[in-house]
Protein chains: 2
Amino acid sequence: MTKSIITISRQYGSGGREIGARVAEHLGFAYYDKELIRRMALAGDMDEDLASSGGEGLMGKVSTLLLSRGGEGSDQHSLPLCDRMFLAQAQAIKQIASEGPCVIVGHCADYFLADCPGTLNIFIYAEGEARVQRVMARNGLDRHAAAARIKKTDKKRATFYEQYTERKWGCVSNYDLCCSSSSFGIDGVVDLIVGIALLP
Amino acid sequence: MTKSIITISRQYGSGGREIGARVAEHLGFAYYDKELIRRMALAGDMDEDLASSGGEGLMGKVSTLLLSRGGEGSDQHSLPLCDRMFLAQAQAIKQIASEGPCVIVGHCADYFLADCPGTLNIFIYAEGEARVQRVMARNGLDRHAAAARIKKTDKKRATFYEQYTERKWGCVSNYDLCCSSSSFGIDGVVDLIVGIALLP
């Protein structure tokens, strides 16, 4: 079936965010980045700067029962901050997915939408040197600082994801397709995803 | 660049072998299955039945130095059996890759050909129930026996691969593309790989 919701999870420095934006543009889908942050802040009744951290690096553990109720019936303000963040992500992403075709980058979207029909879950990765070069150029960092940022960011993403979902971040079984941007280039990966999304 | 060598690693029951054969047929590439076993047996001076086990489930550890020399200068018969198997795989696969366009399924081919230009390394996986159904139908097993065979076979493949390559079997970083056959179907994955292989 044609895919109307695309989630993109990605290693830091792999170009996943750019790929997501360009896929959305090609397909005429909504692209959620800053708007997702605004929705999360609204759902979690929190500051947008805080919501933009995505909860990565915070500590806590929301109960599965609470998540299954979408946090309803609880006073979310009494929860640890990163539990509130996870619930806010869940609410915002499920709402967004119900509104029409979209591309969502990051924020455990593959997990929240795992059972949502017409969803294509993608993981973008790249070999180490390509990621270092990309982060050096994009963020104006030297090699050492770029490598350190990649390591730290991916560790935070993996920890947050694994803590809440009980899945392993970047493990093939979470995704329909995992694709190396250093093998195919950004353009190549965009074309690949657009082609797959349009398959009958 | 157009790809002339395609390696396919796969979870047991994911349809990877069928996908490999059909990709080879579509592209007009040689497909290595039984012929690879014959070559391995020849390279390792061993029985074809033994070579067909691929060394999975055997114990041992060939030295990196020995592998880099392709086993030359050593008496391979003095090595543990699975070390001989690994060296035989390396020799047979590198020889095959030098002979022209081909598809090679399994046998750590992604590792041996990691630095070979024009190689496309693919990992095929599928969700658990799809694999169980496939193995039940193909091998005439009940659910329990199919699930047990899947678990045992993948464990052997992972152990052999990880023991010799010091990489994690099924980890995205070993491959250019990882693709779920339960998401796209066997036909869908074949079309996807053929399309990628033909990209300029």
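Mentor: Two strands are said to pair if DSSP finds at least two bridges between them. The strands themselves (E, at least two residues) and the helices (H or I, at least four residues) are DSSP runs, numbered from the N terminus. Residues are numbered from 1 along each chain as its sequence is written, while chains are lettered from A and ligands numbered from 1 in the order in which they are written. The model is predicted, with local features requiring pLDDT of at least 70, side-chain atom pairs counting only at pLDDT 80 or more, and totals for chains, interfaces and linings using all residues; side-chain values use heavy atoms, with hydrogens and water left out.

Strand S1 (residues 5-10) is joined to S3 by 4 bridges in chain A, and the two run parallel.

The corresponding strand of chain B may be read alongside. In S3 of chain B (residues 102-105), B:Cys102 and B:Ile104 point one way, B:Val103 and B:Val105 point the other way, and all are buried. Strand S1 of chain B (residues 5-10) pairs with S3 of chain B in the parallel sense over 4 bridges, and B:Thr7 has B:Ile104 as its bridge partner. Strand S2 of chain B (residues 30-32) contributes 3 parallel bridges to S3 of chain B; B:Ala30 stands opposite B:Cys102 there.

Let us now leave the strand. In chain A, the loop between S3 and H6 holds A:Cys108. Most residues other than glycine have a negative phi. A:Cys108, however, has a positive phi, near 55 degrees. The residue is buried, because its relative accessible area is 7%.

Side chains of opposite charge can pair when their charged atoms come close. A:Asp110 forms a salt bridge with A:Arg167, and the closest N and O atoms are 3.4 Å apart (a salt bridge is a side-chain nitrogen of Lys or Arg within 4 Å of a carboxyl oxygen of Asp or Glu). A:Asp110 lies in helix H6 (residues 109-112) and A:Arg167 in the loop between H8 and strand S5 (177-180) of chain A, so this pair ties together parts that are 57 residues apart in sequence. A:Asp110 is buried at a relative accessible area of 1%, whereas A:Arg167 is partly exposed at 25%.

The loop between H8 and S5 of chain A also contains A:Glu166. Its phi is near 60 degrees, a positive value in a residue other than glycine. A:Glu166 counts as exposed because its relative accessibility is 66%.

Chain B has a salt bridge between B:Arg167 and B:Asp110, with the closest N and O atoms 3.4 Å apart. B:Arg167 is in the loop between helix H8 (143-165) and strand S5 (177-180) of chain B, and B:Asp110 is in helix H6 (residues 109-112), so distant parts of the chain, 57 residues apart, are linked. B:Asp110 is buried at 2% relative accessibility, and B:Arg167 is partly exposed at 24%.

For context, the whole structure contains 14 salt bridges over all chains. One of them joins A:Arg134 to A:Glu18, with 2.8 Å between the closest N and O atoms. A:Arg134 belongs to helix H7 (residues 128-139) and A:Glu18 to helix H1 (residues 16-27) of chain A, so parts 116 residues apart in sequence are tied together. Both residues are partly exposed: A:Arg134 has a relative accessibility of 23% and A:Glu18 one of 34%. A salt-bridge network links A:Glu18 and A:Arg134 with A:Arg22 and A:Asp187.

Technical notes: Buried means under 20% relative accessible area, exposed over 50%, partly exposed in between (1.4 Å probe, protein chains only).
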